[in-house]
Amino acid sequence: SIPSQLPRSIHWLFLVVCLWGAMVERPTKDRPVSRCSTSKNVARRGIRRCVNWTDRSIDGIVAGINIGVRLAGPLFICVGLTLIGFVTYTYFWHALPLMDLGGPAGQIG
């Protein structure tokens, strides 16, 4: 029996793994097929493989994000400094002369 609190996808995985495990084991004269223990073992191995694959995938994704953030940090600093320079240039060379303050500050640019 399958526990009812598992998600629907795990139900299907459990059923497929159990059926596959029952088909793989061949009975002999001395040993009949033990469907319950074989199915459980096959299901455990299958779920363990899925968990290991998921764990490795998540580790790879985290490593990729880590590299991306390390590359993006200096890029964002350069973009920020460029924007500060652009705003400073625009203010002193275009906006301040239009204000026409009449003193030395109005003669810059």
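**Close-up views of a predicted model**

View 1. M99 lies in helix α2 (helices are DSSP runs of H or I, at least four residues, numbered from the N terminus). M99 has 44% relative accessibility and is partly exposed (buried is under 20% relative accessible area, exposed over 50%, partly exposed in between; 1.4 Å probe, protein chains only). Together with Y89, Y91, F92 and W93, M99 makes a nonpolar surface patch of about 550 Å². Patch residues have over 30% relative accessible area and no salt bridge, with nonpolar side chains joined within 5 Å and like charges within 9 Å. A salt bridge places a side-chain nitrogen of Lys or Arg within 4 Å of a carboxyl oxygen of Asp or Glu.

The model is predicted: local features need pLDDT of at least 70, side-chain atom pairs count only at pLDDT 80 or more, and totals for chains, interfaces and linings use all residues. Residues are numbered from 1 along each chain as its sequence is written, and side-chain values use heavy atoms, leaving out hydrogens and water.

**View 2. R48 and the positive patch.** Helix α2 (residues 35-99) contains R48, which is partly exposed at 48% relative accessible area. K40, R44, R45, R48 and R49 form a positive surface patch.

Technical notes: Areas by Shrake-Rupley, 256 points an atom, 1.4 Å probe, with all protein chains shown as cover. Lys, Arg positive; Asp, Glu negative; His and termini not counted. Charge placed at Lys NZ, Arg CZ, Asp CG, Glu CD. Helix = DSSP H or I, 4+ residues; strand = E, 2+ residues; numbered from the N terminus.
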